Amino acid sequence: MKKMVTKVADLIHGGDYNPDQWLLYPEILERDAELMREAGCNAMSIGIFAWATLEPEEGKYNFEWLDQVIDRLYAHGVYTILATPSAARPAWMAEKYPEVLRVNSDNRRILFSARHNHCYSSPIYREKVRQMNTALATRYSHHPAVILWHVSNEYGGACYCDLCKENFRNWLKKKYGTLENLNHAWWSYFWSKNFTSWDQINPPMDNGEHSLHGMNLDWKRFTTDMTVDFMEAEIKPLKEANPSLPVTANLMGFYPGLNYFKFKNVCDVISWDNYPAWHEGDDQELACSIAMAHDLMRSIKPSQPFMLMESVTTAVNWKEYAKMKRPGMHELSSLQAVARGSDSIQYFQWRKGRGGSEKFHGAVVGHLGSNQTREFRDVAALGKRMKGLSRLVGSPFEAKAAVIWDTENRWALDDLQGLIQKDKGYMKEALHHYGPLFREGVNVDVIDEESDFTPYQLIAAPMLYMYRAGVAEKLRAFVENGGTLVTTYWSGVVNDTDLCFLGGFPGDGMNQVMGVDVEEIDTLYPQDANSATILPCETTRGMKASYAIEDYTEVAHLNGATALATYDDDFIAGLPAFTVQSFGKGKVYYIAACFEQSFYDDLYRNIIEDLSLKTLDVTLPKGVFLSNRTLEDGSLCHIFQNFNTNEVSVSLPREMECLECGEKITSLTIPAYGTAFLI
């Protein structure tokens, strides 16, 4: 059991609070504290964008208002998650020190605007952040109300100024050592791109080089490393003042701009911001993809709970359609985070602002300022319910199955010129594998290529196009030691600088582990159709006679593996579409085509049974999902969630006890959008 913070006994409930916007309205600030207590909130994130109020003039700090806010909330039983304000610097700084502003990829420096537009390389900006964070830490790091540092806000973006260009070149020198090594790794011989001086190298820019995929990859890696380095600099004065006060930074799920697994040693706690578009399409499918995002965030530090740092009570103002959550969805979607391992439910925002671009973004307290709105009542009801879930605090979410989702692999796929140009289908294929495990109630981690593979019995590695250094050896060892690996078409094609493996695919020796040699891959037009016939055997028990195929088919040949399905049509008729090979103590399934979802559902049902991955022998009705957290006494809390708009009954395998009320039950009825916690 590992609690995020020691001072709060219950799950954290609160939100992003911006009192700096309301200093001219003292009656509202007083009322806020009362409403927070009424809503069952116990922690607020404060000061995220407050730099201009904290330091209205250079070197002149104004902390008195913040003192009053923190003390007032604490008196009402509300703790503070204190933010550093680096995400939005004040106008005086941009005016006096224009180097703190980013240069965009069009080589133009931006004007003072919006947020997230600062240069991570700027010595001046780093010094100003150090000064601000030192002042905050000196004043508040031992305040009894402050339980956590919220560092900056939604790190993202890149800068292309001369400082960043020079830092990129230095990063490359450290990585490659010589230009000869760099030219080979990037295959700069293509189109006569050989570099003969480090000064010739620029980032990929709108008016510059884009054709060297290794360069594009390294720029994204550099951007992540520079962001992490900036964050480490932000954290240093905070930890110097109080090493025991934990630090988090709110991440953004599947955001493509940064490799979040690089943050695992910088953040004490992982938190993220979650804004699904409920009621836009199939909410049950969306629930699966959001669960996968929760699992991705949790898996960055898999031994501990994570935090849902931002969510919304109803409508999000920045989506194409500002759709309100239907009654019940707020509680259901919030508790999904808890079900997948979160120890908090927090919102953006506590109170709607009067002006600016987010004045119509959902909030606990709207412009009416009332506690009688549906939004407020929903939050208050959830806050009351969360009091009965205190046994979950610190409880881990333990998984024996994992899906590899690797951001650097995604970068390489997105940059690839080939296959389906607009969308290579990486997320689609990842959900093909994640979905059956999720729908069967199997806990899943979502890991990257650098993660530890040893805790798992099952690893799915869909479309692992780029084998980063060492991953082939890790996969081989995983299978040799008894693991089950499921992998797919378009895997092991390039190395970590995006150079194609020579000698066959999957490369780096993995064709021997999988027992297949891939000759080529075909991309199907939307109107194309193919299918594969399943070859009956114990491994394919219960599967249909054939399954439809779309998007991709590989021309693969057996080299030790056993065919489990063969193509029905086209020139590849009779060739293997699905294989299995025993290797060491384990086995590898290779899926050479993009099948319809039912193929994956049926395959994983058999694998789950073979590996005994279920923690509860229960048949889940459609739209009811099961998650499991391990309580302090070692027992499991089974969390059932009903994403149907109607009541659903579940047959339980044994008598179970309600975590919240202690009632013993032998059958479970879950109302529409309901959640049940059973032990």
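**Close-up 1. The largest nonpolar core of this predicted model.** In this predicted model, the largest nonpolar core comprises 206 residues, and those with the most contacts inside it are Trp186, Met231, Trp350, Trp490, Phe595 and Phe599. The element that gives the most to this core is helix α8, spanning residues 213-241, which supplies 10 residues. A second, separate core of 16 residues is also found, with Leu616, Leu620, Cys658 and Ile665 among its members.

**Close-up 2. The surroundings of Trp350.** When neighbours within four places in sequence are left aside, Trp350 is in contact with a set of residues that includes Asp16, Tyr17, Asp32, Leu35, Met36, Ala39, Cys41 and Met44. Its contacts also include Ala363, Val364, Val365 and Phe376. Trp350 is itself one of the residues with the most contacts inside the largest nonpolar core.

Close-up 3. Strand β21 (residues 636-642) runs antiparallel to β20 and is joined to it by seven bridges, with Arg629 standing opposite Cys637 of β21.

**Close-up 4. Helix α16, largely enclosed by the rest of the structure.** Helix α16 runs over residues 597-611, and its 15 residues reach 21 Å from the first C-alpha to the last, close to the 21 Å expected at 1.5 Å a residue. Of these 15 residues, 11 are buried, so the helix is largely enclosed by the rest of the structure. The buried positions include Ser598, Phe599, Tyr600, Asp601, Asp602 and Leu603, and they also include Tyr604, Asn606, Ile607, Ile608 and Leu611.

Close-up 5. Among the 43 salt bridges found in the whole structure, one is formed where the side chains of Glu58 and Lys128 meet, at 2.5 Å from N to O. The two partners are 70 residues apart, Glu58 lying in the loop between α2 (51-54) and α3 (64-75) and Lys128 in helix α5 (residues 123-140). Glu58 is partly exposed, with a relative accessible area of 27%, whereas Lys128, at 8% relative accessibility, counts as buried because the limit is under 20%.

Close-up 6. In helix α8, Asp218 and Arg221 lie three residues apart, about one turn of the helix, and they form a salt bridge whose closest N and O atoms are 3.2 Å apart. Asp218 and Arg221 are both buried. These two residues belong to a network of salt bridges that also links Lys175, Lys262, Asp406, Glu408, Asp448, Glu450 and Arg468. In helix α12 (residues 407-415), Asp414 and Arg410 are four residues apart, again about one turn of the helix, and their side chains meet in a salt bridge at 4.0 Å, N to O. Arg410 counts as buried, at 18% relative accessibility. An α-helix has 3.6 residues a turn, so residues three or four places apart point the same way.

Note on methods:
Residues are numbered from 1 along each chain as its sequence is written. This is a predicted model: local features need pLDDT of at least 70, side-chain atom pairs count only at pLDDT 80 or more; totals for chains, interfaces and linings use all residues. Side-chain values use heavy atoms; hydrogens and water are left out. A nonpolar core is a set of buried Ala, Val, Leu, Ile, Met, Phe, Trp, Tyr and Cys residues joined through side-chain atoms within 4.5 Å. Buried means under 20% relative accessible area, exposed over 50%, partly exposed in between (1.4 Å probe, protein chains only). Helices (H or I, at least four residues) and strands (E, at least two) are DSSP runs, numbered from the N terminus. Contact means heavy atoms within 4.5 Å. Two strands pair if DSSP finds at least two bridges between them. The expected span of a helix is 1.5 Å times one less than its number of residues.
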